[in-house]
Amino acid sequence: MATLIKTLLNLFKRKKAPPLACHVSLDQDENHVHTAACFLEIEPLAVAELFQAQGCVSCPPAVPGILEATRDPNIQLLTYGVTYFDHLVKDPNASSRWDQRQKSYVMKWGRNSLFTPMVVANGVSDGGSGGGSKAEIEGVVRQARNMAHQMIDWHIYVDANDTHVRIDSDKLEIEMHEVLVIMYKDKEEVVKISKGPNKGKKMPHKNLVTDIVKIGEWHGGDTVVALPAQMTPGGAVVVVQAPRGGAIVGACKLRLQGGPFAEKDDIKSIDEQPCGCG
């Protein structure tokens, strides 16, 4: 067993992360020339979870600003359709599973009410009721990062290849954290709402979550967890999260295309994503 673990660990060849990452997509502009203005400092990947619904009156005007505020390589946006407004208009993307995920956060914080659109950053801070402005959402993410710096005096690094996830940490013992793969549609589309209070309005949808699979547990120290043999093509992110609406302490982006993963050239780009926490 020790030999097997050592072999798996050797599959992951760390690179020294560059201090900066360009935020301009070369897929969108092949003639782009890098300048100092287009680079951002790499930070640990923050997970921003957006809970929205087509029947929510506040969502169409707020969601575009939320999407704009999360166009950042250091932020992973995940969108969940909730069912609270299905009596007004049936949202085809809504699921009671996502209702429960949002409620778990609210209950963890000791609240007795929730709202949409709602953005939860790293499972510890939230916003969106202020209209989803760029400043508001950036503040939610910044608050989550600050809370991590204040509350966590240890480090965690999450990495992945095409078959396994590796978690490294100098925190040797900790209460159980779940290792989750969250899969989503890696595209943005604009939906014209067919009925209800928002009838005729158009609302953008991006990174709609299709499934969440628990693949293992982390109790501290170094751990290797196998990825599922089959996953829905699209986008995916691995998160290490305390259960029942707890904090997300580490995350790493994946890329799924037809197989369980992309081709080797695409996997190389995965290693260049800012991962981990602390």
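Two strands count as paired here if DSSP finds at least two bridges between them. I keep that in mind as I page through this predicted model.

**Entry 1: strands E9 and E14**

I began with strand E9, residues 177-184, and asked how it pairs with E14. The two run in the antiparallel sense, joined over seven bridges. For one of the pairs I looked up Val181, and its bridge partner in E14 is Val238. Next I checked how much of E14, residues 234-241, is covered. Eight of its eight residues are buried, so the strand is largely enclosed by the rest of the structure.

**Entry 2: the nonpolar cores**

Leaving aside neighbours within four places in sequence, I find Val239 in contact with Val47, Glu178, Val179, Leu180, Ile182, Ile248, Gly250 and Ala251. That made me look at the largest nonpolar core, which has 41 residues. Which of its members touch the most others? They are Leu78, Tyr80, Ile182 and Val239. Apart from this core lies another one of 21 residues, and I noted Ile167, Met183, Ile215 and Trp218 among them. A reminder to myself: in soluble globular proteins, nonpolar side chains tend to be buried together.

E8 covers residues 164-169, and five bridges join it to E7 in an antiparallel run. I then traced the whole sheet: it is open, has three strands in the order E7-E8-E13, and its pairing is antiparallel. The edges are E7 (156-160) and E13 (223-226), each of which pairs on one side only. From one strand to the next the twist averages 15°.

**Entry 4**

Another open sheet has four strands in the order E4-E3-E5-E6, and here the pairing is mixed. I marked E4 (75-81) and E6 (125-127) as the edge strands, since each pairs on one side only. Direction ignored, neighbouring strands of this sheet are turned by 20° against each other on average. Strand E5, residues 118-121, runs antiparallel to E6, with three bridges between them. In one of these pairs, Ala121 has Ser125 of E6 as its bridge partner.

Which strands does helix H2 touch? H2 (residues 59-69) packs on the sheet against E3 (46-52), E4 and E5, and its direction makes about 170° with that of E3. Helix H4 (residues 134-151) also packs on the sheet, touching E3, E4, E5 and E6, and its direction makes about 170° with that of E6.

**Entry 3: helix H3**

Last, I went to H3, residues 96-108. Its 13 residues reach 18 Å from the first C-alpha to the last, close to the 18 Å expected at 1.5 Å a residue. At its start, a side-chain oxygen of Ser95 comes to within 3.1 Å of the backbone nitrogen of Arg97. Just after the helix, Gly110 takes a positive phi of about 75°.

I listed the buried residues of H3 as Trp98, Asp99, Arg101, Gln102, Ser104, Tyr105 and Val106. Is Ser104 buried or exposed? Its relative accessible area is 18%, and because the cut-off for buried is under 20%, Ser104 counts as buried. Not counting residues up to four places away in sequence, Ser104 touches Arg244 and Gly245.

Note on methods. Residues are numbered from 1 along each chain as its sequence is written. This is a predicted model: local features need pLDDT of at least 70, side-chain atom pairs count only at pLDDT 80 or more; totals for chains, interfaces and linings use all residues. Side-chain values use heavy atoms; hydrogens and water are left out. The expected span of a helix is 1.5 Å times one less than its number of residues. Buried means under 20% relative accessible area, exposed over 50%, partly exposed in between (1.4 Å probe, protein chains only). A polar contact is a pair of N or O atoms within 3.5 Å; within protein, one must be able to donate a hydrogen and the other to accept it, and residues adjacent in sequence count only if both atoms are side-chain atoms. Contact means heavy atoms within 4.5 Å. Axes are lines fitted to C-alpha atoms, for helices over the stretch in contact, and angles run from 0 to 180 degrees between N-to-C directions. A nonpolar core is a set of buried Ala, Val, Leu, Ile, Met, Phe, Trp, Tyr and Cys residues joined through side-chain atoms within 4.5 Å.
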